[in-house]
Amino acid sequence: MKVLPLSELTRNRKKIPVYTDHVLATLSTSGPFHCETHYTGLGIISLLNGKGHFNINDHQIALNTSSFLIVNRGSKLSFKLSPNSRLVILGFNPKLSDLVSQTMFSQNKKRLPDKINIHDYALLEHIHIMNSTLKNHLEILIALSSSCASFHALKTDMVVRSILDQLIHENYDAISYSSNLSVVKKNTQIHLYKKLSVTKRWMEHNYGEPISIDHLADIAMLNNYHFLRLFKQAFGITPHQFLIKTRLKNAELLLKNSTLSISDICHRVGFESVSSFSTLFKRRFSKSPTEYRRFTEN
Amino acid sequence: MDKNQWSAFKLRVNINSDIQTAYRAIATAEGLESWFLRKALFKDPKGKSKEPSSLLAARDTYEWYWHGYPDSVVEKGTILKANGQDVFAFTFSLKCPVTITLYKDVGTLIVELLENDLPTDETSMMNHFVGDSRGWIFYLTNLKSVLEGGLDLRNKDPKLTNVITA
């Protein structure tokens with residue numbers, strides 16, 4: 001991985017940059033900062049402090065420390081940062097990302113429609129909710145970039161590869177799910193998929209709260225009927241079924257890894273009634289929550 | 001300087017121990033965890049997990065985890081050679097082979113480590129030749145310390161970073 005000044009990474013006003021290695025740029029601002037429009041390579045943009053407004057292919061995105069942005073190869077990006085912000089941009093080596101995605105897509109048995117460009121990350125080019133793993137990885141990369149730690153280059157490669165693998169997996173899923181949408185125009189497909197994907201991720205982070213279809217459709221900026229139909233079409237499952245699945249998956253983790261009571265777990269993952277939680281849990285895992293906990297303890 | 005000189009490095013350390021003990025320290029999971037890794041997981045070619053104390057064999061695969069780093073930072077590779085006595089080789093950084101050979105020199109056990117086939121472009125030279133050789137110097141020193149009954153010199157506190165001991 002090369003550590004570059006931000007100006008080096010954002011200087012490509014006329015052509016798409018081709019990195020010969022993974023690249024990392026960081027910037028700490030003391031006052032307002034403006035970066036002019038430039039072309040990007042495939043990468044991740046994150047703020048460890050402060051906030052910023054990003055314009056990517058004429059779409060406005062507000063970023064803060066609880067979100068991050070994936071940028072596609074060849075996108076046009078400009079941004080403004082508020083004072084006391086800390087920006088991190090991680091750009092991926094295109095040769096490696098192409099090679100890894102080629103391998104991953106060819107190994108997967110699910111047939112994707114023809115004419116799909118597996119090296120296009122347009123479906124992921126939107127705001128994502130920051131997770132502790134990525135935050136931790138970015139912090140490790142920054143630390144390793146000026147570190148005397150043993151095998152620092154090897155460890156850097158391991159961290160970047162871990163982030164890249166996750167990104168390619170997500171892109172595979174995105175291409176796979178979005179191809180289920182019966183829309184003709186590619187731009188419409190990308191636009192709709194992004195809305196559905198953001199809503200799905202939102203559910204994964206807010207499953208513990210009461211969630212209504214009205215609210216979800218609102219997040220997706222679609223009407224209720226359209227949202228329900230498209231969500232089922234893309235993911236093969238209704239939003240309600242997805243929510244139940246997410247709640248049960250998290251309940252399973254809490255049963256394994258915590259000493260919380262069944263009732264506490266039930267309410268923490270968003271169920272209102274212990275009896276309906278137990279019924280649904282047993283249907284999915286063939287054991288009641290109590291039996292499941294006893295089973296995993298043994 | 002000739003670029004080929006950056007494609008490999010060899011390190012030797014003298015250790016006051018016997019070959020059998022040293023071989024177990026480099027060719028078993030529990031041995032590797034005593035001086036090198038936080039966690040070392042191995043599977044045989046059929047995918048069956050190996051016992052921490054069992055000797056590793058060629059074509060076994062590994063997952064290595066480091067002190068000071070979370071489990072998501074994992075190095076995966078393959079054992080290339082393990083003769084059960086004095087030679088142990090595996091893929092490592094950028095899948096380059098690392099070969100450890102044990103032998104006597106002037107009556108003393110020598111552990112010799114050779115990492116070769118390193119790419120010689122400028123970035124790889126700077127990052128991997130320098131980074132890997134520096135890393136192995138510390139870990140071979142720690143192997144000597146542990147096998148000679150001394151301290152385990154590794155930093156095991158994940159909050160402490162930017163030190164040569166992890």
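**Pockets of the predicted model**

Among the residues that line the largest pocket, α4(A) contributes the largest share, six residues. The model is predicted: local features need pLDDT of at least 70 and side-chain atom pairs count only at pLDDT 80 or more, while totals for chains, interfaces and linings use all residues. Residues are numbered from 1 along each chain as written, chains are lettered from A and ligands numbered from 1 in written order, and side-chain values use heavy atoms, without hydrogens and water.

**Largest pocket**

- At least two lining residues each come from α2 (94-107) and α4 (152-178) of chain A and from β4 (74-82) and α3 (122-147) of chain B; helices (H or I, at least four residues) and strands (E, at least two) are DSSP runs numbered from the N terminus.
- The lining comprises nine nonpolar, ten polar and ten charged residues, where Ala, Val, Leu, Ile, Met, Phe, Trp, Tyr, Cys and Pro count as nonpolar, Asp, Glu, Lys and Arg as charged, and the others, Gly among them, as polar.

**Second largest pocket**

- The second largest pocket holds about 590 Å³ of space.
- It is lined by 22 residues, of which H59(A), E125(A), H126(A), H191(A) and K194(A) are the closest to its centre.
- In chain A, β6 (59-63), α5 (186-206) and α6 (213-220) give two or more residues to this lining, and α5(A) gives the most, with six residues.
- By class, nine of the lining residues are nonpolar, eight polar and five charged.

How values were computed. 1 Å grid on protein atoms, 1.4 Å probe; cavity = no way out; pocket = protein on both sides within 12 Å on 5 of 7 lines; lining within 4 Å. Points joined across faces, edges and corners; volume = space filled by probe spheres on them.
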